[in-house]
Amino acid sequence: MDLEKRPPHEAAQQPPPGQADRHPPQAEGCLAVAIRLPVRIVVLVLVVPVRLVWDALTVCGRFLYYRGVRPVGRAIGAVLTWLFKAVFVWPWVGLWRYVVVPVGAGLAWLGRVLVVTPVVWFYRAVLTPLGHGIAWLALGVGAGCAWLWRHLVAIPAAWFYARVLTPVGHGIAWLARVIGSGAAAAGRGIGAVLTWLFKAVFVWPWVGLWRYVVVPVGAGLAWLGRVLIVIPAVWLYRAVLTPLGHGIAWLARGIWTVVSALFRWIFVAPVVALWRWVLAPLGRAVAVVAREIGDALGHAWRVAGHISLVIGRFLAKLLRWIFVEPVRWVYRTVLTPVGHVVRDAVWRPAARAVKEVRRATRQALTSARESVRQARADVRRMLFGAPRQPVPVGAGPGEAVPVPVARREPDAPGTRTLGSSTTALTKD
């Protein structure tokens, strides 16, 4: 039984009748149904102001973050980045670019000029020819030594080995085989005698002692130990210790049965009864109340969010109707036409007048500058005379200097092009 009407979005989230729900609802008792509606009402009354304050603080926090903290953080980050670059990056970059690289390039050039080039020249001009000469000399000396070794050492040594050492070695080998056969026969006889002496002195006495003394004595001691120790011990274990141990075990089992029964009825049974009939129902009731309070808090928080959204929209509309719309109406109805009138009747004529005054002033200054320049040229001409014209090449001292004629475009109906001008000059 449900005492509240489910909202449409919760009804839409329910699975169709033909599909099985993955999370089947648990069975609810009368306690949950009885406390659900009052708890949700109380929690809603308590949560709505908290949610309104929370939403207001959220809006203020977002405004402060996006309009204050983030721009200030970006500005501080930019300043810190510039300071970091100015303190740690740009000095090292300048040192590398304007000190280390030029010094390194200069040192590389000095090393190449003072070390590499002389070493390469010395290797190519001195060491290479000297090495080639030493190699040629070594090859010649090696070839001579090889010829001398072959003809003075190798060939006589081979002849001496084949003609002298080989027959002598064969004779020595035959003699060694004969001597070895005799020595082997004598060694076998001596070995047999030494083996018999070793057994007679070191082996047979100990074997007789073990077989005829130690073994009989050990058998007698074992029979005495079995008769005097093992048999009485077995009898004592079977006839005395085993019945005594069985009695002690039976007595201990009885004591343990009595003690466990007493412990179970004195301690375990009351604790189980307390847990089963008091703590478990109380825990289930507390769990149901806590679950309902949690569900009520979540439901109230969502409902308070909708209420806060409605109140916020109402306040936004009220603010727009009170402040924004009048300001917009004043801007569109009053300020915009007044601005257009001021722009068309005052600003643009004033700007045109300023432009005309500026143009007239510029023209007057240009005329005055030309007049001053012409007067200065006339004074210079009266004081120092006219400047001398350069005499062209080929003209005499008394001949008149021809005045160059200004070139201008021909009065032709067609358009003058590069091709036509080039063709005309070629024909002329």
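Predicted model: local features only at pLDDT ≥ 70, side-chain atom pairs only at ≥ 80, totals over all residues.
Arg-358 sits in helix α2, which covers residues 30–384; helices here are DSSP runs of H or I with at least four residues, and strands are E runs of at least two, numbered from the N terminus.

Residues are numbered from 1 along each chain as its sequence is written, and side-chain values use heavy atoms, leaving out hydrogens and water.

## The chain overall

The protein chain holds 3 helices and 0 strands. Of its 428 residues, 5% count as buried, meaning under 20% relative accessible area with a 1.4 Å probe and protein chains only; exposed is over 50%, and partly exposed lies in between.

## Salt bridges

The count comes to 7 salt bridges, each a side-chain nitrogen of Lys or Arg within 4 Å of a carboxyl oxygen of Asp or Glu. Among them, Glu-325 pairs with Arg-328 at 3.7 Å, N to O. Both residues lie in helix α2, 3 residues apart, about one turn of the helix.

Glu-370 and Arg-373 also form a salt bridge, their closest N and O atoms being 2.8 Å apart. These two are likewise in helix α2 and 3 residues apart. Glu-370 is partly exposed at 45% relative accessibility, and Arg-373 is partly exposed at 37%. Elsewhere, salt bridges with shared partners link Arg-343, Asp-344 and Arg-348 into one network.
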